[in-house]
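Hi,

Here is the structure I said I would pass on. Have a look at it first, then read my notes below.

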Amino acid sequence: MIKLTIHEGEKKGTISPEIYGHFSEHLGRCIYEGLYVGEDSSIPNKNGMRTDVVEALKDMKLPVLRWPGGCFADEYHWKDGIGPKKDRKRMVNTNWGGVVEDNSFGTHEYFELCDQLGCKTYINGNVGSGTVQEMSEWIEYMTFEGESPLANERRKNGRDKAWKVDYFGVGNENWGCGGNMHPEYYADVYRRYQSYVKIYDKEKPIQRIACGPTDFDYDWTDKLLNRLFTRCFDHLHGNVEGISLHYYTLPHDWDHKGDATKFTDEEWYITLSKTLKMDEIITKHSNIMDKYDPKKILSLVVDEWGCWYDVEEGTNPGFLYQQNTVRDALVAGINLNIFNKHCDRVRMANIAQTVNVLQSVILTEGPKMVLTPTYHVFRMFKYHQGSKLLNSFLTGVEETGIGEAKVTEVTESVSEGEDGIVNITLNNLSLTEEKEVEIGFDKLSPEVVEASVVTGQMNDHNTFENSEVVVTKKLDNIETTSNGLKVVLPARSVVLVRVR
Ligand code: AHR
C-alpha cells in the first residue's frame, strides 16, 4: 500500500509563481503565428496578439514569459525591433531555419503581450555578439523614467512610461551558442556586462540572471561561482540574483531523439527515467551553490526544460515543431513536482516553449488552436503558485519499468494556499497499473474541494481535427476515510486533489 503522509503544520517555503513560467523564442512558429499575428490578420487579435492564445494562457495563469531567446538572444540587436514596422531591419535567423526575421515583434510588442497576459517580464540580453553599450542602452530605453536620449526615443516610438523588467538574463548558453566561452571567461564577461545593467528605479529592481550550466555540467557551476565570488564577494551579492540551468528530456540522443507520438513502452519509461534526473541535477547544482552562497540568496532558474523529440514529419527541421502526448503530461507533472520540492533554491523555471515549439502548451494551425496535455497539467498545477510547500513524503512506493529503464511508480508535492486549501499533485508513472494511495494528515479531517485527472493511452494526443482526446476530467475514485483520503490513480495519470 502506498501512503502519502502530509504534515500540514510544517511549511517548507514558498513556491514562487515563476516556477510555472514559460519561454518563447523567435524560433519557428512560436512568436510569429503562435503568439503574434499582426494587427491586420484575419485571426482575431488585440494589437496583433492572438486573442484565443492569450485567453488560454491567462486561464492557465502564465506568471512570467522569457524572451527573445535562447540562441536567438545572442544574435538579437534590439534596435532592429523598434520604430515604424516598415523600416525595421530584416535579418536572417541563423539558428532556426535560416528564415527571414522581419523584426515586427520587438520590445514594444513584447511588453504589450506581457501586459495582456498580466505576467512578469524576463528579457534575455545579447552577450555573444552584442556590446556592453547595446545592452546598457536597451536597459535605459526600457526602464529609465526621466529625460535621456534613449528614454526620449522610447517616447517617440509611442511609450511614455518606463516599463518594468523583472528579470534580465546576461547572455544565454554562453558555453555553447552564446559564444563558446569557458566558465572563468564568461564569469569575467558577466561581471563587466552586469555593471551596466543599471537599476534606475530602486522600487523596480531587476533580477540579473547569469548563464549557468547545462545538465550535469557541475564544473561550469563551480568555476562560474568561484570566479564570480572571488574578490568583492559581498559586492557581487547585489549584482547577480540567479544562475540559469538548462535540462531537456531526450528519449535517446541528439542525433536520434525519438518520435513524439510513435514510441514503445520501453521508450515511455526511458523518457520518464530521464525526466526524474532533474531532481539529481538540481540537488547537485544546489549543493555547489550552497558552498558559495549558504544563505541561498541566489536563485537557480531552470529557464529551459521539457521534452525534445525529432520534428514532425514534413515540417521545417529548424522549427522544432512536435506533438504532445500523455507522456508529455507526465514529464510536466514530474518536473513541476520536483521544482516545487526545491522551492528553496529554484525560484523560476520556464518550459520550452509556449506555442508550436518543443514541449508546447498550445499548438496552432492558421486560425485553429489546440491545447496540449501539457497545458492541462499546467492549468491543474496553477494552485501551487505562491502557495506554501508542505512537508510530505511517500512510503510503500516501488520501482517499475522495462529493462534498465526503471522509474519510481508515484511522485508527489503538496502545498497550502492563502485560502487554507491544500493542493496535492500526484503522478502515476506506471503504464499498466492503477495505484491506490492512502493520504494521511496530522490533524486535518479533509473535505474534498476538487479532484481532477489528466490521463489516456500513452500516445494519445490532441489534433486540430480532434482536440479533446486528452483533457482534464473529474477524478471519481476518491473517498474520505477516518483519518484522511483514499485515492486511486489511473495508470499513466497526473492527478490534482484539493482539500480543506
Ligand atoms: O529551446 C531551443 C534552444 O535550446 C534554445 O534556443 C537554446 O537556448 C537551447 O539550446
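Let's start with a charge and a ring: Arg66 lies over the face of Phe23, and the distance to the ring centre is 4.5 Å. Another case is Arg327, which sits over the face of Phe263, 3.6 Å from the ring centre. Before you go further, keep in mind that this is a predicted model, so every value here is computed from that model.

Now for rings that pair with rings. How many aromatic pairs does the structure hold? There are 23 of them. To describe a pair of aromatic rings, you give the distance of the centres and the angle of the planes. Take Trp67 and Trp138: their centres are 6.2 Å apart and their planes are at 70°, which makes the pair edge-to-face. Find Trp67 in strand E5 (residues 64-67) and Trp138 in helix H3 (residues 132-143); they are 71 residues apart in sequence, so this pair ties together separate parts of the chain.

Are these two buried or exposed? Trp67 has 0% relative accessibility, so it counts as buried. Trp138 comes out at 3%, so Trp138 counts as buried too. The cut-off behind both calls is under 20%.

Helix H3 turns up again in another pair, this time through Tyr141. Tyr141 pairs with Trp78 in a tilted arrangement, 5.0 Å centre to centre with 50° between the planes. Trp78 sits in the loop between E5 and strand E6 (91-93), 63 residues from Tyr141, and the pair links distant parts of the chain. Both Trp78 and Tyr141 are buried.

Next, zoom out to the domains. The chain is divided into domain 1, covering 16-385, and domain 2, covering 390-499. Their C-alpha centres lie 29 Å apart. Where they touch, domain 1 contributes 40 residues to the contact and domain 2 contributes 45 residues.

How much area do domain 1 and domain 2 bury between them? It is about 3300 Å², with 68% of it on carbon and sulfur atoms.

As for salt bridges, the count between domain 1 and domain 2 is one. While you have the viewer open, look up Lys341 and Glu412 as well: they form a salt bridge, and their closest N and O atoms are 2.6 Å apart.

Terms used:
Residues are numbered from 1 along each chain as its sequence is written. This is a predicted model: local features need pLDDT of at least 70, side-chain atom pairs count only at pLDDT 80 or more; totals for chains, interfaces and linings use all residues. Side-chain values use heavy atoms; hydrogens and water are left out. Rings of Phe, Tyr and Trp (its six-membered ring) pair if their centres lie within 6.5 Å; planes under 30 degrees apart count as stacked, over 60 as edge-to-face and the rest as tilted. Helices (H or I, at least four residues) and strands (E, at least two) are DSSP runs, numbered from the N terminus. Buried means under 20% relative accessible area, exposed over 50%, partly exposed in between (1.4 Å probe, protein chains only). A charge sits over a ring if NZ of Lys or CZ of Arg is within 6 Å of the ring centre and within 35 degrees of the ring normal. Domain bounds come from an automatic or database domain assignment. Contact means heavy atoms within 4.5 Å. Buried area is the accessible area (1.4 Å probe) that two parts lose on being put together, summed over both. A salt bridge is a side-chain nitrogen of Lys or Arg within 4 Å of a carboxyl oxygen of Asp or Glu.
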